Amino acid sequence: MLDLLTTGLQIVFSPGTFLLILAGTVLGILFGAMPGVSASMSVALAVPFTYAMSPVVAIAFLVAVYTASITGGGITAILFKIPGTPSNAPTTFDGYPMAQQGKAGKALGVSLICSAIGGTVSAIAMLLLAPQLASVGLRFGPSELFAVSVLGLSVLTALDSDNVIKTLISGLIGLFLATIGMDPLLGIPRFTWGNPAMLGGVEMIPVLIGLFAITEVLKQTVKPLKLDPTSSKAGADFKTKLLTLQEAWSIRWTVVRASILGTLVGILPGAGATIAAFLSYSTEAKISPNRKQFGHGAIEGIAASETANNAAAGGSMVPLLALGIPGGTAAAVMMSALVLQGVQVGPILHRTQPEFLSAVFASMMLTNVLMVICSMAIAKVFNKVLNVPYSILGPLIVLFAAMGSFALKGSTSDVVLMIVAGIIGVAFASFKFSAAALVLGLVLGSLTEANLRRAILLAGGDLLAVVSKPITAALLLTCLAILLAPVLSGMIKKKPKVTA
């Protein structure tokens with residue numbers, strides 16, 4: 001183990017590699033903060049830079065981009081309610097309200113420190129437990145992954161505990177939108193109504209940008225944005241405020257739970273940082289002593305989301321390095337980059353070429369330090385935009401949002417989808433439906449359907465055999481308990497008191 005650590009430090013602290021990791025960190029933060037550029041897209045955009053690098057340096061560089069992009073997405077999520085990556089969506093729930101209260105610096109400080117902690121914990125877990133954790137992940141077949149997806153959907157009841165019915169309806173709408181396009185198993189079009197543009201399905205990124213960014217701009221045209229006096233002059237005086245010892249102690253268990261949950265979810269193939277962030281946020285919204293403040297500027301909400309999504313980034317590298325199975329889309333892109341350079345990724349990689357595991361670990365540890373420092377400077381630049389009058393800032397946000405949506409596939413249909421999603425978001429806000437629930441349903445819908453149908457096919461059409469598997473049954477019972485908890489608690493509260 002000491003040899004692995006020493007090798008990794010020698011690799012990342014060589015002058016050339018250190019500069020490349022620093023450049024990858026800055027690129028990752030910038031890519032992550034751009035609307036419409038997901039973490040996996042950030043890695044894909046960085047792949048051409050690796051053609052002239054050695055394989056070990058290339059993986060260290062790409063890991064830096066991947067890790068930093070998830071952290072960078074939290075900057076715009078907090079300052080402008082525009083999640084840079086889908087995994088930063090829960091960060092907007094408490095980060096943006098804190099920014100409007102004049103606490104943007106504190107919100108960013110919580111985000112950066114918790115991101116670094118989550119990434120560090122997952123990196124250590126990856127180094128120490130990669131083969132063991134990967135073997136656990138391999139035990140999750142289609143039926144177990146279906147149950148994990150349903151567990152992710154069960155957090156809908158925690159997104160708005162005062163309006164559970166409308167939240168569930170919003171989630172169901174998201175699930176329906178996920179079925180539009182080509183059937184994942186049969187390859188036939190569904191609900192496309194003869195429109196070729198719908199064959200690719202409803203893209204998540206334009207919907208995400210529309211529901212958060214465009215909706216906010218449309219709302220502010222009716223009710224202009226009014227920031228707290230301390231934040232209205234933030235362009236000159238803004239400073240990221242790190243956690244005090246008292247604040248850090250108050251969220252210690254939130255960070256611990258989110259780190260463990262994020263790492264474990266990241267290991268599961270196809271789960272990823274988005275599910276980890278939503279699961280962690282909903283868990284804390286249910287059990288935190290400060291849960292009534294969630295959605296109004298609770299630092300626990302930011303900590304839960306940002307710790308988990310960064311922990312999932314490290315977790316997704318475990319099956320890639322231990323077994324040659326990418327844990328997510330970004331890991332798959334990294335695997336492709338290594339294959340292009342002739343690296344045989346598989347179970348024997350960590351034995352024959354342990355320097356890859358060392359390089360990934362050391363790169364993640366170094367990036368977690370560098371991204372805090374770099375993000376402070378970049379966040380200060382972004383925050384200066386708050387001094388711009390909203391009559392100018394609003395159209396600029398729409399312009400950048402449209403560019404991000406168009407860049408996804410180079411299609412104007414995605415821009416139209418973004419606009420429609422923005423209008424729907426305003427309607428949702430007016431009638432107290434949940435845009436976050438719709439996004440969660442859309443994110444998990446295709447994964448839930450595909451795994452359920454594969455599991456049924458493997459079981460010969462026997463649904464009972466699918467749901468009765470031990471891990472699947474345990475997860476589904478947990479989901480049922482989570483879904484019924486608000487109903488049962490409401491019945492208990494309404495139960496009349498018996499007087500003597």
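Thr25 is found in helix α2, which spans residues 15–33, where helices (H or I, at least four residues) are DSSP runs numbered from the N terminus. The model is a predicted one, in which local features need pLDDT of at least 70 and side-chain atom pairs count only at pLDDT 80 or more, while totals for chains, interfaces and linings use all residues. Residues are numbered from 1 along each chain as its sequence is written, and side-chain values use heavy atoms, with hydrogens and water left out.

Leaving aside neighbours within four places in sequence, Thr25 is in contact with Ala64, Ala68, Thr367, Leu370, Met371 and Cys374, contact meaning heavy atoms within 4.5 Å. Another threonine, Thr76, has its place in helix α4, and with neighbours within four places again set aside, Thr76 is in contact with Ala33, Lys81, Ile82, Pro83, Gly84 and Phe382.

The table lists relative accessible areas; buried means under 20%, exposed over 50% and partly exposed in between, with a 1.4 Å probe and protein chains only.

| Residue | Relative accessible area | Class |
|---|---|---|
| Thr25 | 0% | buried |
| Thr76 | 4% | buried |
| Cys114 | 1% | buried |
| Cys374 | 15% | buried |

With a disulfide taken as a pair of cysteine sulfur atoms within 2.5 Å, the count comes to zero disulfides.

Two packed helices are described by the angle between their axes and the distance between the axes. Helix α3 (residues 39–46) and helix α4 (residues 55–80) pack at an angle of about 145°, with their axes 9 Å apart; axes are lines fitted to C-alpha atoms, for helices over the stretch in contact, and angles run from 0 to 180 degrees between N-to-C directions. On the α3 side, Ala39, Ser42, Val43 and Ala46 meet Phe61, Leu62, Val65, Tyr66, Ser69 and Ile70 of α4. By class, this contact of α3 with α4 has eight nonpolar, two polar and no charged residues, where Ala, Val, Leu, Ile, Met, Phe, Trp, Tyr, Cys and Pro count as nonpolar, Asp, Glu, Lys and Arg as charged, and the others, Gly among them, as polar.

A nonpolar core is a set of buried Ala, Val, Leu, Ile, Met, Phe, Trp, Tyr and Cys residues joined through side-chain atoms within 4.5 Å. Of the 83 residues in the largest such core, Ile59, Met126 and Met334 touch the most other members, and α4 gives the most to this core, with 10 residues. Apart from this core lies another, of 37 residues, among them Ile29, Cys114, Ala303 and Val372. Not counting residues up to four places away in sequence, Met334 touches Val43, Ile59, Leu62, Val63, Tyr66, Met317 and Leu320.

Terms used: Helices (H or I, at least four residues) and strands (E, at least two) are DSSP runs, numbered from the N terminus.
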